[in-house]
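Here is a briefing for a reader who is meeting this structure for the first time. Keep the sequence and the 3D view open while you read.

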Amino acid sequence: AWCRYCKVMLPTVEAATEDFKGQMSFVSMDIDEMENLAEPLGLVGVPTYLIFKDGREVGRIIGYNQKKTFYDEVDKILGNKEK
C-alpha cells in the first residue's frame, strides 16, 4: 500500500501477466503482512520480482523499470529470443 514504485509498476505487471501467459505467472505480496515469507526470500527492496522455474529461483528484478526494460529482463531470464 505504501510502495510508490510498486503502484507505478502495476500496469506493466498487469500487461506482462497477459503477454507472458503460459511462460510465467505473477503473484504479489505485501512484505509487511508476510514477513515470514519475505525474509527467507531475501526481499529487501521493493518492488522485487522473483522468477521461478521448476520450483527454483532463476532470476530477480529489483526496483522500478520502464516497461521495455522490464520485458527485456524477463525475456533474458526466461531465455526468450530477441523479439
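The points below cover the pocket, the strands and their loops, the disulfide and the salt bridges.

This is a predicted model. Its largest pocket holds about 950 Å³ of space. The structure has one disulfide, and a search of the whole structure finds four salt bridges.

**The largest pocket**

- The lining of the largest pocket is made up of 31 residues.
- Nearest the centre of this pocket lie Val27, Ser28, Met29, Thr48 and Tyr49.
- By class, 24 of the lining residues are nonpolar, five are polar and two are charged.

**The strand pair**

- β1 and β2 run antiparallel and pair over six bridges.
- Threonine 48 has isoleucine 62 of β2 as its bridge partner.
- Thr48 is also among the residues nearest the centre of the largest pocket.
- In a regular strand, side chains alternate between the two faces of the sheet.
- The hairpin of β1 and β2 has two residues between the strands.
- Aspartate 54 sits in the loop between β1 and β2 (56–62).
- Aspartate 54 has a positive phi of about 50°, although it is not a glycine.
- Aspartate 54 counts as exposed because its relative accessibility is 77%, above the 50% cut-off.

- Glycine 45 lies in the loop between α2 (35–38) and β1.
- Glycine 45 is partly exposed, with a relative accessible area of 22%.
- Proline 47 is also placed in the loop between α2 and β1.
- A cis peptide bond links valine 46 to proline 47, with omega about -5°.
- Glycine 45 and aspartate 75 are 30 residues apart along the chain, and their C-alpha atoms are separated by 22 Å.

**The disulfide**

- A disulfide is a covalent bond between the sulfur atoms of two cysteines.
- Here the bond joins cysteine 3 to cysteine 6, with an S to S distance of 2.5 Å.
- The link of cysteine 3 and cysteine 6 is right-handed, with 75° about the S-S bond.
- Are the two partners buried or exposed, and how far? Cysteine 3 counts as buried at 8% relative accessibility, whereas cysteine 6 is partly exposed at 29%.
- Cysteine 3 is classed as buried because its 8% falls under the 20% cut-off.

**The salt bridges**

- Side chains of opposite charge can pair when their charged atoms come close.
- Lysine 21 and glutamate 18 meet through their side chains in a salt bridge, at 3.7 Å from N to O.
- Lysine 21 is exposed, with a relative accessible area of 60%.
- Arginine 60 forms a salt bridge with glutamate 57, and their closest N and O atoms are 2.8 Å apart.
- Arginine 60 is partly exposed at 30%, and glutamate 57 is partly exposed at 32%.
- Aspartate 72 forms a salt bridge with lysine 68, with the closest N and O atoms 2.8 Å apart.
- Aspartate 72 and lysine 68 are separated by about one helical turn, because they are four residues apart in helix α3.
- Aspartate 72 counts as partly exposed at 38% relative accessibility, whereas lysine 68 counts as exposed at 59%.

Note on methods: Residues are numbered from 1 along each chain as its sequence is written. This is a predicted model: local features need pLDDT of at least 70, side-chain atom pairs count only at pLDDT 80 or more; totals for chains, interfaces and linings use all residues. Side-chain values use heavy atoms; hydrogens and water are left out. On a 1 Å grid over the protein atoms alone, a cavity is a set of points where a 1.4 Å probe fits but cannot get out, and a pocket is an open set with protein on both sides within 12 Å along at least five of seven lines; lining residues have an atom within 4 Å of a point. Grid points are joined across faces, edges and corners, and a volume is the space filled by probe spheres set on the points. Ala, Val, Leu, Ile, Met, Phe, Trp, Tyr, Cys and Pro count as nonpolar, Asp, Glu, Lys and Arg as charged, and the others, Gly among them, as polar. Buried means under 20% relative accessible area, exposed over 50%, partly exposed in between (1.4 Å probe, protein chains only). A disulfide is a pair of cysteine sulfur atoms within 2.5 Å. Two strands pair if DSSP finds at least two bridges between them.
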